[in-house]
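I opened the model to look up a few things and kept notes as I went. The entries follow in the order in which I made them.

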Amino acid sequence: MEILTVTKLHKRYGQTEAVHDINFSVSQGEIFSLVGPNGAGKSTTLRMIATILRPTAGEIKIAGLDVQQESGKVRELITYLPEESGAYKALTGRTYLNFMAGLYSPDAKKRDEYVRRAEEITDLGDKLDAKIGTYSKGMTRKLLLARAMMTEPKLAILDEPTSGLDVLNSLEIRKLVRRLAEHGTAVLLSSHNMLEIEYLSDRIGLIVHGQLKEVGTAEALKSKHKARNLEEVFLKVAQA
Amino acid sequence: MKRFLVLLGKELRELATPQTILPIVLVILAFIGLGKVLSQQSKVASKPSPVLVVDHDNTPASNGVVKLLKKGNLDVTQQTADPDFSQSISEKAVVVIPAGFGRDLAAGKQTTLDTYTVQSGFSLAKIANATLLTGVTAQLNAALAAQRIAQISPRLDPSKVLAPVKTDEHIVANGKVANISPDKIAAYLGSQITFVPVILFVVIVFAGQMVATAMANEKENKTLETLLSLPISRTTIVGAKMLAAAIVAGLTAVAYIYGLHNLQSAFTGGVAVDDATRAAANQLGLNLSTSSYVMLGVALFLGILAALAIALVLGAFADNIKSIQALIMPLLLLLLVPYLATMATDISTLPNWFRGVLYVIPFTYTFQTMPNLYLHNYSTVLLGSLYELAFFIVFMILAGRLFASDSLLTLRPGNLLKRR
């Protein structure tokens, strides 16, 4: 079942066309990764899907809802983890999770369930009662990912989820993303890390200069371009 | 509604941190401390000032001068030798009566008293020493002139010769007349009329900075994108930020009012207004009824809302907290211009173009509310409040569009007309 469909998507900033005629879809429980160099249009695409930026043209549908016409309902179904996101430093980790859960559900039982799930995902224990301002980058990222996962959304949009993290933290976060998809969430993520992409993704979309050049599984792409790994595929597509 | 409250709670937690509360507490403590010091100073100032009289004449006339000086609020000490000004002296002023003073006066000649003011500093209190002997000299001249008139023509009443015209002062306000000095009424109302704009100025600047900083914080801490993707409307985000800033600013205002009241009491020495002045003010209708207080409250509230809406729009273009000071400048100007204009000038006499500029700024109406209420210009107050409301609505629509557009992230003001 398709959760996300993107059709003929365009985004223009003044004279610059950041995204040009992008089409793809993501199914329930699938991890779809957007790969591309800096400034290729990955984050702009994710932001449009997350209802933050308005497309210049094209259509985005999430669970059948039009992102532009029904953005309020769409936000109930998605969670978005921006690339360089932070949390409110004056709050404790637990207060932050309670605050976020309260925004997703006014029902106290549901809210508690979300917070319990998030606590389990973060595995931060008593540190959740410390101010977020005292957290390391890895702890903050885990907290944010837990926030993005706690509601088990229809679609999780994760922009560079392991950006700036060490190997151990990155591995842990990849496992969490996998687990999220196994629970039925459609995951759309972007990353520069080809190993991560290959490990996580069911399908991959290669973006160059705002255009989606290739879409397929890692194996299919490697086979099509006669490449040993995704980096070679990416290089060939980018230079073509 | 529940989501709005959740967001409001977060905004309040973010704003009411020790870093924001501590400076407020310190300012209030400073006001109270300063008030206590000034109050002690005004008690010291009300004590008789020490004056040294050097009498080289020692005649009944010179003794009369000394008696007159003692009748004033002066602590007079006498000596016959000239003081050595190269040494420090404890007196604030010195009066030297020359030899032959009595003789010259008796002969009807104009005579001279040498006065010396001891300038030991340049604070307001020290500079006030310069006028210490002014009143006494005038009294001395009046008393000696009266003596002279009585000597020349015993049939004349010296007081009528010296002041052939006396004024019976009246004041007209709100179409009514009261028999009282305008100075007394001005002093009675002045403190109240100037107090409200001062508080308003402080609160608006504080609230404006707070809401603009809240926006900049979201960007600097990289929380804005997440916030915009949450299941809450942009109007809820805007409303919660504004209400939180208004609540914190309101509480700050109450605290500042308490602190400033202490400070102001020190300046006025806590002197109660006399019954005659109060009765005259009531007779003139120069008082505020319950409905006037309601109108004042509404005008102040709308003024604060207008400032918050402007600050929110300005804050949306900040990419970090450092840029807030520069971005908030237009709001400060919008406050400062009508504040100074209404405090220092009569707006009706200003050039038309400048009056036009003032009437476009919503805070002009806020600053004019108190005098307009005292003068029963209720329709002006109501029209001003309606203008403030319209101004607030326009800026809220602008803020709503800004939050619903790409401009919040791209920092470009374009595309505000297109909404999500």
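At what angle do helix α5 and helix α6 of chain A pack, and how far apart are their axes? I found an angle of about 5° between α5 (residues 137-149) and α6 (residues 167-182) of chain A, with the axes 11 Å apart. Axes are lines fitted to C-alpha atoms over the stretch in contact, and angles run from 0 to 180 degrees between N-to-C directions. Helices are DSSP runs of H or I with at least four residues, numbered from the N terminus. Angles under 35 degrees count as roughly parallel, so α5(A) is roughly parallel to α6(A).

Before going on, I noted that this is a predicted model, where local features need pLDDT of at least 70, side-chain atom pairs count only at pLDDT 80 or more, and totals for chains, interfaces and linings use all residues. Residues are numbered from 1 along each chain as its sequence is written, and chains are lettered from A in the order in which they are written.

Next I looked up Leu156(B), which lies in the loop between α6 (134-152) and α7 (158-162) of chain B. Is Leu156(B) buried or exposed? Leu156(B) counts as exposed because it has 12 C-beta neighbours inside 10 Å; the cut-off for exposed is 12 or fewer, and for buried 20 or more, with C-beta atoms placed from the backbone. Beyond its neighbours within four places in sequence, I found Leu156(B) in contact (C-beta atoms, placed from the backbone, within 7 Å) with Ile149(B) and Val161(B).

Last, I checked where the chains touch: 27 residues of chain A and 24 residues of chain B take part. On the chain B side, α1(B) gives the largest share, 7 residues.

Conventions:
Two residues are in contact if their C-beta atoms, placed from the backbone, lie within 7 Å. Helices (H or I, at least four residues) and strands (E, at least two) are DSSP runs, numbered from the N terminus. Angles under 35 degrees count as roughly parallel, over 145 as roughly antiparallel, 65 to 115 as roughly perpendicular and the rest as oblique.
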